[in-house]
Structures are given as structure tokens and as C-alpha cells.
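I opened this model to see how the chain is built and what lies inside it. My entries below follow the order in which I looked things up.

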Amino acid sequence: MILSFVSTNPRVAKLALERIIASYQKYEIDSKIQITNYANEKISDRLKILVEEMDIAQKKLSQYKKENQLVDTGNVKELKINEIQSISNRIIEAKQKYQKQQNDLLSIKVAEGDVDALLAIEDLNSRKDISNIKDLLTSNESNIQSLSLIYTDQHPKIIQAKDQKKNLKSQLKNILDENIQQKAFELSNLDNFIKLSEQEMEKVTIELREIEEKEAGMLKFTRELESSQNLYKSFLQRVKETNEAQ
């Protein structure tokens with residue numbers, strides 16, 4: 001649109017031009033304000049809807065947590081994983097001990113009561129009570145050899161030393177028998193411990209699966225809530241921008 005005005009009076013022409021420019025500027029500003037107000041009104045309406053959607057999403061999430069007795073599945077899940085790892089380590093360690101005890105008992109069976117063969121088994125040979133008897137037997141044997149250089153076999157000192165040797169061997173045999181029985185008992189205990197641990201592992205694994213299933217359900221509601229919150233923030237920013245423009 002083209003406007004023209006002709007006047008022979010410069011002052012009148014200037015005044016007319018200023019009025020026309022002022023009217024145009026006012027029209028432009030009024031139009032922009034109307035558009036901004038309309039946009040602000042629509043965004044405000046959308047914000048109200050988003051607030052309602054956030055409230056609904058929050059209630060759904062809270063209800064799901066309440067029904068499934070969930071507070072923070074992340075921490076519970078981590079604890080269950082650590083528990084499974086701990087049980088697994090216990091089972092591995094117990095099975096290693098079980099295998100060793102089983103091998104020792106097999107060697108004991110093959111020895112058929114032979115003391116020297118039994119003492120070749122590392123676990124028996126390293127036990128304190130058995131090593132003490134062995135040391136006494138070694139000392140006694142040295143004593144017998146020393147006395148034999150001086151006395152005959154019928155001398156009371158040699159007879160006494162041989163009797164002591166006999167008693168020490170008898171003690172060693174009894175201690176070996178006790179340790180063998182103890183090993184059999186330990187093997188039985190380890191077997192029971194492994195079975196109970198495996199049952200516990202199965203139970204905790206099932207609990208972890210249930211937590212993961214609950215977590216999947218909770219994440220669905222959490223994503224819905226986060227989506228509404230992000231939209232709300234976006235529209236809130238638009239409100240600020242339109243207010244600034246206004």
C-alpha cells in the first residue's frame with residue numbers, strides 16, 4: 001500500500017508524515033501484542049494440560065512402587081548381584097576344599113592303614129598334633145641308636161626307649177584315625193554346605209529376576225513422567241520468551 005500527501009506548507013506536510021508513521025508503528029505493535037498474547041494464552045493452556053499429565057504419571061509411578069514394594073530398585077538390584085557373587089565365591093571355594101578332601105580320603109583308603117603311606121598325605125603330615133608326635137619319634141629313635149652304642153638290647157634304658165617308641169607309634173595311629181574321621185566329617189559338612197549354598201543361589205537369582213521385571217515396569221512409568229516433565233520445561237521456556245517479547 002502506497003500513501004501520498006501533497007501540501008504547499010512544509011510544516012503541515014511534516015506533521016502529516018509524523019502522524020502517519022506513528023499510526024503505522026502503533027498498528028504494528030498492537031498486531032504483535034495480539035499475536036504474542038494469543039501464543040501466550042495457548043502455551044499457558046498447554047502447560048495446564050502438562051501439569052495434569054505429570055500429576056497422573058507421578059501417581060501411576062507411586063502406585064506401581066507401592067504395589068511392588070519398591071523404593072530404589074537400583075540399590076536393591078546391586079545388593080542382590082553382590083550377594084550372588086559372594087555365594088558363588090563361597091561355592092567355588094567349598095567345591096575346591098571338597099575335591100581336596102575327597103582326594104585325601106581316596107589316598108587314605110589306598111593306604112590301608114599303612115602309617116608311612118598316611119603320612120605321605122600332605123594335609124595329615126602338616127597337622128600340628130601329628131608333626132609333634134613325629135618329632136618325638138625322631139628324637140626317640142636317635143636316643144635308641146645312641147643308647148645301643150653303649151648298652152645291650154636288654155638294658156632297662158633301651159627297653160624303656162623302645163616302649164616309649166611303641167607308645168608314640170600307638171599315639172600316632174590314634175591321632176591319624178581321629179584326623180581321618182574328622183576329614184570324613186568335614187567332607188560331609190562341605191557337601192551339605194554346597195547344597196545349601198546352591199539352593200540359596202537359586203533363591204537369590206529368582207529374586208534378582210523379579211526385581212529386574214519390576215524395574216522394567218517402573219522404568220515405563222518413569223519415562224512417562226520424565227517425558228511430561230521435559231515437555232513442561234520446554235513450554236515454560238516458551239512462556240518466558242513470549243513474556244520477554246511482550
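These notes go from the whole chain to one lysine and then to the nonpolar cores.

**Whole chain.** I noted at the start that this is a predicted model. I counted 6 helices and 0 strands, so that the pattern read along the sequence is α-α-α-α-α-α. I then looked up burial and found that buried residues make up 25% of the 246 residues, while the accessible surface comes to about 17,900 Å², with 53% of that belonging to carbon and sulfur atoms. Of the contacts with a separation of 6 or more, 77% are between residues 24 or more positions apart.

**Lys 183.** Is Lys 183 buried or exposed? I list Lys 183 as buried, because its relative accessible area is 0%, and buried means under 20%. Leaving out residues up to four places away in sequence, I found that Lys 183 touches Gln 101, Asp 104, Leu 105, Ile 108, Asp 123, Leu 124 and Arg 127. With Gln 101, the side chain of Lys 183 makes a polar contact of 2.4 Å.

**Nonpolar cores.** I looked up the largest nonpolar core, which has 16 residues, and Ile 108, Leu 124 and Leu 172 are among those with the most contacts inside it. Helices α2 (73-111), α3 (115-119), α5 (128-148) and α6 each supply at least two residues of this core, and the largest share, 6 residues, comes from α6. For Leu 172 I recorded contacts with Val 115, Leu 119, Ile 130, Ile 133 and Leu 137, leaving aside neighbours within four places in sequence. Apart from this core I found another, of 6 residues, including Ile 84, Ile 87, Met 201 and Val 204.

How values were computed
Residues are numbered from 1 along each chain as its sequence is written. This is a predicted model: local features need pLDDT of at least 70, side-chain atom pairs count only at pLDDT 80 or more; totals for chains, interfaces and linings use all residues. Side-chain values use heavy atoms; hydrogens and water are left out. Helices (H or I, at least four residues) and strands (E, at least two) are DSSP runs, numbered from the N terminus. Buried means under 20% relative accessible area, exposed over 50%, partly exposed in between (1.4 Å probe, protein chains only). Contact means heavy atoms within 4.5 Å. Accessible areas come from the Shrake-Rupley method with a 1.4 Å probe; for residues, only the protein chains shown count as cover. A polar contact is a pair of N or O atoms within 3.5 Å; within protein, one must be able to donate a hydrogen and the other to accept it, and residues adjacent in sequence count only if both atoms are side-chain atoms. A nonpolar core is a set of buried Ala, Val, Leu, Ile, Met, Phe, Trp, Tyr and Cys residues joined through side-chain atoms within 4.5 Å.
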